[in-house]
Amino acid sequence: MTLMHYLCKVLASKSPALLDFHEDLKSLEVASKIQLKSLAEEMQAIIKGLEKVTQELGSSENDGPVSEVFRKTLKEFIGIAETEVASLTNLYSVVVIIYVHPSVYLIIYSISLSLSL
């Protein structure tokens, strides 16, 4: 019995869902066509856009009561957008780690399966 056979037997008895990992690889070909550079550029564009919106809020402070509703709405939007951009940045970091070290994906996947069982 080889180590591979032993591992498969252990997985089959303890976590049979892990043996179906090939199902998750169906989208791998499509994902491999995504350029990390273009993702980084799009993320930077989103961050710059948020910075511009924040600058616009600062500029509107001098408008007086005319733009009070605008400022209130913009502050709410910025609060939500900052949270979303932070989430996007975290997800991008995970993508970079997985892109550089694909084995990390398998570890994360196996842990998530273990937690769901």
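Helices (H or I, at least four residues) and strands (E, at least two) are DSSP runs, numbered from the N terminus. Buried means under 20% relative accessible area, exposed over 50%, and partly exposed in between (1.4 Å probe, protein chains only). Contact means heavy atoms within 4.5 Å.

This is a predicted model, in which local features need pLDDT of at least 70, side-chain atom pairs count only at pLDDT 80 or more, and totals for chains, interfaces and linings use all residues. Residues are numbered from 1 along each chain as its sequence is written, and side-chain values use heavy atoms, with hydrogens and water left out.

Q: Which element of the protein has the highest mean pLDDT?
A: pLDDT is the predictor's confidence in each residue, from 0 to 100. The protein averages 84, and 95% of the residues score at least 70. The lowest mean among the elements, 71, belongs to helix 2 (residues 28–32), whereas the highest, 92, belongs to helix 3.

Q: How far apart are the end C-alpha atoms of helix 3?
A: The expected span of a helix is 1.5 Å times one less than its number of residues. For the 25 residues of helix 3 this gives 36 Å, and the model agrees, with the end C-alpha atoms separated by 36 Å.

Q: Which element is included in what covers the buried residues of helix 4?
A: Helix 4 has 33 residues and reaches 47 Å between its first and last C-alpha, close to the expected 48 Å. Its buried residues are Arg71, Leu74, Ile78, Ala81, Val85 and Tyr92. Their cover includes helix 3.

Q: Is Ser60 buried or exposed?
A: Ser60 lies in helix 3, where Leu36, Met43, Leu50 and Leu57 are buried as well. Beyond its neighbours within four places in sequence, Ser60 is in contact with Ser67, Phe70 and Arg71. Because its relative accessibility is 1%, Ser60 counts as buried.

Q: What distance separates the C-alpha atoms of Lys48 and Val94?
A: Lys48 has its place in helix 3 and counts as partly exposed because its relative accessibility is 48%. Along the chain, Lys48 and Val94 are 46 residues apart, and their C-alpha atoms are separated by 21 Å.

Q: What is the relative accessible area of Met1?
A: Met1 is found in the segment before helix 1 (3–14). Because Met1 is exposed, the value exceeds the 50% cut-off, and it is 71%.
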